[in-house]
Amino acid sequence: MIKTISRRHLLAAAGRWAAALVAVTVLRPISAWAAERNHKAFEAKSLDDVVGAYGGSSARLSTDILLTIPEIAENGAVVPVAVESKLAGTRSISILVEKNPSVLSAHFVFPEGTDPYVATRVKVAETSNIIALVQTADGYYYAQKLVKVTLGGCGG
Amino acid sequence: MADPMRIRATMVDNKVDVKILMAHPMETGQRKNPDGTLVPAHYIDTVTVTCKGKTVLMAEWGPSVSRNPYLAFRFTGAAKGDTISVTWKDNHGDTRTDEAAIA
């Protein structure tokens, strides 16, 4: 009996230590990420769903978003995309590929002092619109352009 | 541990121009091995760039960012010689942080 209890105590103590260790080594770095990644947005299948996942209702077309992509991409696995927002109070820019299995590719948050500009490379499964979605203080705006893909970027 | 990132940060008209190249497979989870089994998804899902203790860019990524991701952006409030620090985390929980001095 005594042996069982001490064993139980030992296990409980070990459990606490393990939990403490996990808290120190794992939870702290994760909590250092200012915002938790929005999983729902990354599972969205349309522009409206992405806007909804970020808490908006709808996005308006804007000519103040400069979206730079190639007209034709020979290799859909590497399609350069640059987005610059001229909209006042731009908080974030998201890059969406309309025909990809999940439309949202990347979401960038701009703290004060950082230009509302970003350039990256994305995979495009098939000929599709690329959408740049911008969140400002007064709502969501987007711009879109078509990229023709001769070789798909997903699979293969 | 993944290979180091290549980070270039240069002053252009009072702004810091940052270009980053990360080494990561960015597997979508939809590609199949020759034997028909799926290659599990393995991609960077969060990126944070800091300079002098302040976050200058935060990014959330899906698996459709290209393999060996490239990222470029600009920010103000730093000078030549300051250090920028880039950290990524992937969906397996692996992380990597690299630093570069602004030139």
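User: Which strand of chain A holds S128(A)?
Analyst: S128(A) belongs to strand 8 of chain A, residues 128-136. Strands (E, at least two residues) and helices (H or I, at least four) are DSSP runs, numbered from the N terminus. Please note that this is a predicted model, in which local features need pLDDT of at least 70 and side-chain atom pairs count only at pLDDT 80 or more, while totals for chains, interfaces and linings use all residues. Residues are numbered from 1 along each chain as its sequence is written, chains are lettered from A and ligands numbered from 1 in the order written, and side-chain values use heavy atoms, without hydrogens and water.

User: And is S128(A) buried or exposed?
Analyst: S128(A) is buried, because its relative accessibility is 1%. Buried means under 20% relative accessible area, exposed over 50%, and partly exposed in between, using a 1.4 Å probe and protein chains only.

User: What does its side chain reach?
Analyst: The side chain of S128(A) reaches the backbone nitrogen of K99(A) at 3.0 Å and that of E98(A) at 3.3 Å. A polar contact is a pair of N or O atoms within 3.5 Å; within protein, one must be able to donate a hydrogen and the other to accept it, and residues adjacent in sequence count only if both atoms are side-chain atoms.

User: Changing topic: what is chain B built from?
Analyst: Chain B contains seven strands and zero helices. Of its 103 residues, 49% are buried.

User: Which strands make up the open sheet of six?
Analyst: The order is 2(A)-4(A)-7(A)-5(B)-2(B)-1(B), with antiparallel pairing. Two strands pair if DSSP finds at least two bridges between them. The edges are strand 2 (65-68) of chain A and strand 1 (6-12) of chain B, each pairing on one side only.

User: Where do the two chains join in it?
Analyst: Strand 7 (residues 117-122) of chain A and strand 5 (residues 70-75) of chain B run antiparallel and are joined by two bridges. T120(A) has L71(B) as its bridge partner there.

User: How many bridges link strand 5 of chain B to strand 2 of chain B?
Analyst: Six bridges link strand 5 of chain B to strand 2 (residues 15-21) of chain B, in the antiparallel sense. Within this pairing, F73(B) stands opposite V18(B).

User: And strand 1 of chain B with strand 2 of chain B: how many bridges there?
Analyst: Seven bridges, again antiparallel; R8(B) stands opposite K19(B) in strand 2 of chain B. These two strands form a hairpin with two residues between them.

User: Which charged end sits over the ring of Y117(A)?
Analyst: That of R74(B), 4.3 Å from the ring centre. In chain A, R37(A) lies over the face of F42(A), at 4.0 Å from the ring centre. A charge sits over a ring if NZ of Lys or CZ of Arg is within 6 Å of the ring centre and within 35 degrees of the ring normal.

User: Last topic: how many residues are in the largest nonpolar core?
Analyst: The largest nonpolar core has 51 residues, and those with the most contacts inside it are F108(A), I20(B), W61(B), F75(B) and I84(B). Another core, of 16 residues, lies apart from it and includes A41(A), V50(A), L96(A) and Y140(A). A nonpolar core is a set of buried Ala, Val, Leu, Ile, Met, Phe, Trp, Tyr and Cys residues joined through side-chain atoms within 4.5 Å. In soluble globular proteins, nonpolar side chains tend to be buried together.
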